[in-house]
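Please keep the structure open while reading.

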Amino acid sequence: MGGERRIEPGSRRLTVVGECDVAVVGGGMAGTSAAVTAARSGARTVLLERQGYLGGMGTGGMVGTFCGLYAGGPGKPPIPMRFAAGVVDRLAKRGACGTVDIRKTRVVHYDVGALKEVLDDLVLESGVTLLLHTLVTGVLADAGRVHGLVVDNVEYHGVLLARQVIDASGNADVVHWATGLTEQGGEAGETQASTLVFRMANVDLDVATTASRDRFRELAERARADGYALPRADGYFFATTHPGEVNCNMTRVTGLDLTRAAEATEAEIVGRRQAQEYARFLRARVPGFAESYLSFYGSTLGIRETRRIVGDYVVTEEDLLAARTFPDGVAYAAWPMEIHRPDGAVWRWLPDDRWMEIPHRALRPRGLANVQAAGRCISTTHEALGSTRVMGTAMSMGEAVGLAAAWAARRGIALHDLPMADLRSALAAYRAEAVR
């Protein structure tokens, strides 16, 4: 990715370090799905990720569970998917995943380390140019287009030129820099709580798994009354693919703006302190945990909500709970509306065995002709985000924007000029292809 041309944004001289058809910012599940799909569709694709691994919240955040791959209801049908199906298939062949029914739906639990390796393989096999340890720190934009991304890594500080850009940063960074048209939180500015997932080892699973969610809540509430600093009583633990090991989704970090560096720093520290306190509680109060120990916690806080784009359409709670379809529907949201507030979680379900379509307009930032968003930063209300933020939906969105970006780059047209009927047909055909 060398080059000698130079451009001058403002007073800075930046070397052009490369060009591509599609640049994807962020290697979480949405961004990785988008990059693989774009490359499979013939686009020269570059995937930029600031960490040393792919997967985002699914690996660094140690979520450990794919939500949103199945609808809720008696039948629990899987959403139409190719990328996600390929990921699960490869994990299953390694013995690194399994399914479990929770509440009305079904989830896939997986091994975090194996997921990193599977994503590496999928990206490299597809022909994506992958740059880890690479920050995107700005954009070159005018006349409603983003022409390039300012990238920084150990090798260079320069500009990557791109015909199409996909913002899968989680924080809507590209859109925020290009137009400032983003929003955050609900009507009062509140955002969903974040959670630092941690892992307990040497657990007696035969004993521990007999505790129901209601029983766990009783134990947590009693411990809080006795002085344990547990901000959340409705958390729980999930067995991993390894014996004697569970992932714990229990901590709750609220009241901090994770788009501000000092507050994001404080949030990480708070999360780690909470994890230690929950581990103390588990060992002392929960059957099966007496001989256990905290073996690991996420490399980063599990973030549910920061900035969202202001798109050509805003997905609403009403859209979700009616499982609406759209003429430009390109992705699927099957997870219930799950909102984590400081005082507890709220769940509201879609109609049985159905999902909502996400319109392409909600993935297109207002005022930008060649940028799409995918993942938790798409255009929704605070309430609808409670469903669309999960990884199954993120992978579905990634497929949609990846194919759309490849088409737009190849045809040299703006995203809003893409023929939606043709795009929907192409996505259906892509998703129907055999799992690889």
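This is a predicted model: local features need pLDDT of at least 70, side-chain atom pairs count only at pLDDT 80 or more; totals for chains, interfaces and linings use all residues.

Residues are numbered from 1 along each chain as its sequence is written, and side-chain values use heavy atoms, with hydrogens and water left out.

**Terms for secondary structure**

- Helices (H or I, at least four residues) and strands (E, at least two) are DSSP runs, numbered from the N terminus.
- Two strands pair if DSSP finds at least two bridges between them.

**The sheet β4-β6-β5**

- Three strands make up this open sheet, in the order β4-β6-β5, with antiparallel pairing.
- β4 (65-66) and β5 (97-102) are at the edges with a single partner strand each, so one side of each has no neighbour in the sheet.
- β5 and β6 (residues 105-110) run antiparallel and are joined by six bridges.
- T99 has V108 in β6 as its bridge partner.

**The sheet β13-β14-β12-β15**

- Four strands form this open sheet, again listed in order, and the pairing is antiparallel.
- β13 (236-239) and β15 (293-297) are the edge strands, each pairing on one side only.
- Neighbouring strands here are turned by 35° against each other on average, direction ignored; axes are lines fitted to C-alpha atoms, for helices over the stretch in contact, and angles run from 0 to 180 degrees between N-to-C directions.
- Four bridges link β13 and β14 (residues 245-249) in the antiparallel sense.
- Opposite F237 stands C248 in β14.

**Hairpins**

- β8 (residues 135-142) and β9 (residues 145-152) run antiparallel, joined by seven bridges.
- D142 is opposite R145 in β9.
- Two residues separate β8 and β9 in their hairpin, and A143 in the turn has a positive phi of about 50°.
- β9 also pairs with β10 (residues 157-167), antiparallel, over five bridges.
- V150 has V159 in β10 as its bridge partner.
- The β9 and β10 hairpin has four residues between its strands.

**Aromatic rings**

- Rings of Phe, Tyr and Trp (its six-membered ring) pair if their centres lie within 6.5 Å; planes under 30 degrees apart count as stacked, over 60 as edge-to-face and the rest as tilted.
- The count by this rule is 12 aromatic pairs.
- Y236 and F237 are stacked, because their ring centres are 4.6 Å apart and their planes lie at 20°.
- Y236 and F238 pair edge-to-face, at 6.1 Å centre to centre and 85° between the planes.
- Y236 is buried at 13% relative accessible area, and F237 is buried at 4%.
- F238 is partly exposed at 27%; buried means under 20% relative accessible area, exposed over 50%, and partly exposed in between (1.4 Å probe, protein chains only).
- Ring pairs link a cluster of F216, Y228, Y236, F237, F238, F281 and F289.

**Charges over rings**

- A charge sits over a ring if NZ of Lys or CZ of Arg is within 6 Å of the ring centre and within 35 degrees of the ring normal.
- R82 has its charged end over the ring of Y430, 4.3 Å from the centre.
- R106 lies over the face of Y70, 5.6 Å from the ring centre.

**Helix α2**

- α2 (residues 83-93) is mostly covered, with eight of its 11 residues buried.
- Those buried residues include F83, V87, V88, R90 and L91.
- The buried residues pack against α1 (29-40), β4, β5, β6, α3 (112-126) and α10 (391-411), where contact means heavy atoms within 4.5 Å.
- G95 follows α2, and its phi is positive, near 70°.
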